[in-house]
Amino acid sequence: MRHLHDVHPDDFNCLSTDKLRERFLLQGLFVPGEQHLSYWDVDRTVVGGITPLDAVITLETPANLAAGSFCERRELGIINLGGAGAVRVGETSYELAAKDGLYLGRGSATPEFSSSDAAQPARFYLLSYPAHATHPSKVVRHAEIEGLRLGDQSTGNARTLYKYIVPGKVDSCQLVMGLTTLSVGSVWNTMPPHTHMRRSEVYCYCELDSESVVMHFMGPPSGTRNLVLRDGEVVLSPSWSIHAGAGTGAYSFVWGMGGENQDFDDMDKAPMTALA
Ligand SMILES: O=C[C@H](O)[C@@H](O)CC(=O)C(=O)O
Ligand SMILES: [Zn+2]
């Protein structure tokens with residue numbers, strides 16, 4: 001499992017484009033028939049992708065975790081970004097259609113991932129944080145989530161935000177997770193931007209065609225930088241960083257957070273007049 005370290009905001013602006021990408025960008029999560037996990041020091045985040053073909057893929061328990069099973073001390077959120085598939089946990093098999101999600105509580109048996117059709121494989125996106133208690137595992141159907149309309153076409157940021165794992169709906173120790181889909185013709189996510197001192201955040205951009213990219217902006221509001229992201233790629237956002245992007249084509253993204261406060265609205269809005 002790849003291990004990524006923390007970066008001080010003062011050092012952030014000295015990074016070359018290559019170093020910036022090395023520190024904050026995860027690529028190659030969704031390779032057919034494989035699983036890929038990364039560990040980020042910030043909030044002890046684990047991010048991964050699993051793309052089963054004909055064979056079942058059992059989630060590994062990387063040596064870095066020094067655990068008997070992946071969920072021994074962790075909770076895990078999963079959203080299926082591909083075709084239909086299933087996640088088997090002990091005796092229970094959870095069928096996940098495209099865009100369905102699953103929360104697995106601390107102490108869950110090691111999950112096994114499969115695709116219904118190898119020609120249209122499931123793409124399981126995984127996000128995990130340490131957990132101090134066990135909350136019930138639960139499926140979240142995309143079709144049953146009432147989307148929250150945000151932004152406006154006139155400012156190019158009309159989008160629908162779907163909350164999957166939030167307190168009161170799916171209780172968790174620290175994980176908060178969901179999916180945002182841009183309206184046709186709108187390009188901006190999370191603009192005006194914000195930071196949140198009490199949480200870090202991870203974005204996985206998806207539903208982009210091969211010609212399209214998202215220009216993702218990160219950094220302190222007073223010193224932003226951009227990274228170019230493509231379909232299925234992930235960008236890490238420390239608590240001091242904004243996380244916003246503009247796509248050259250239609251897209252969605254999974255957002256997920258870990259930290260000490262699960263209140264979705266606990267954000268420090270970055271004044272638009274101060275962005276640089
Ligand atoms: O802290 C919250 C996160 O940045 C995302 O939920 C923002 C987002 O999905 C959006 O504005 O579209
Ligand atoms: Zn945020």
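Visitor: Let's start with strand β4, residues 45-50. How many of its residues are buried?
Guide: Six of the six, so β4 is largely enclosed by the rest of the structure. Keep in mind that this is a predicted model.

Visitor: Which residues of β4 are on which side?
Guide: T45, V47 and G49 are on one side, and V46, G48 and I50 are on the other. Both faces are covered, with all of these residues buried.

Visitor: Why the every-other-residue pattern?
Guide: In a regular strand, side chains alternate between the two faces of the sheet.

Visitor: Which strand pairs with β4 over six bridges?
Guide: Strand β3, residues 35-40, in the antiparallel sense. In that pair, Y39 stands opposite V46. β3 and β4 form a hairpin with four residues between them. D43, in the turn, has a positive phi of about 55°.

Visitor: And which strand pairs with β4 over five bridges?
Guide: β11, residues 124-130, again antiparallel.

Visitor: L126, noted. What does L76 touch, leaving out residues up to four places away in sequence?
Guide: L126 is one of its contacts, along with F70, C71, L104 and S128. L76 is in strand β6.

Visitor: Is L76 buried or exposed?
Guide: Buried: 26 other C-beta atoms lie within 10 Å, and the cut-off for buried is 20 or more.

Visitor: New topic, the open sheets. What is the strand order in the sheet that holds β7?
Guide: β5-β10-β7-β8, four strands with antiparallel pairing. β5 and β8 are the edge strands, and each pairs on one side only. Five bridges join β7, residues 85-89, to β8. One of the facing pairs is A86 with E95 of β8.

Visitor: And what order do the strands take in the sheet with β19?
Guide: β16-β22-β19-β20, an open sheet of four strands, antiparallel. β16 and β20 stand at the edges with a single partner strand each, so one side of each has no neighbour in the sheet. β19 (214-219) and β22 (242-247) are joined by six bridges. M215 stands opposite A246 there.

Visitor: What about phi of T190?
Guide: Near 55°, positive too, and T190 is not a glycine either. T190 is in the loop between β16 and β17. T190 is buried, because it has 24 other C-beta atoms within 10 Å.

Visitor: Where is the cis peptide bond?
Guide: From M191 to P192, with omega near 10°. P192 is in the loop between β16 and β17.

Visitor: Last one, the ligand. Which residues are around ligand 1?
Guide: L150, R159, L161, T180, N189, T190, E201, H243, W255 and M267. T190, from the loop between β16 and β17, is in that list.

Visitor: How does that shell divide by type?
Guide: Four nonpolar, four polar and two charged residues.

Key: Residues are numbered from 1 along each chain as its sequence is written. Chains are lettered from A and ligands numbered from 1 in the order in which they are written. This is a predicted model: local features need pLDDT of at least 70, side-chain atom pairs count only at pLDDT 80 or more; totals for chains, interfaces and linings use all residues. A residue is near a molecule or strand if its C-beta atom, placed from the backbone, lies within 6 Å of it. Ala, Val, Leu, Ile, Met, Phe, Trp, Tyr, Cys and Pro count as nonpolar, Asp, Glu, Lys and Arg as charged, and the others, Gly among them, as polar. Helices (H or I, at least four residues) and strands (E, at least two) are DSSP runs, numbered from the N terminus. A residue is buried if 20 or more other C-beta atoms lie within 10 Å of its own, exposed if 12 or fewer, and partly exposed in between; C-beta atoms are placed from the backbone. Two strands pair if DSSP finds at least two bridges between them. Two residues are in contact if their C-beta atoms, placed from the backbone, lie within 7 Å.
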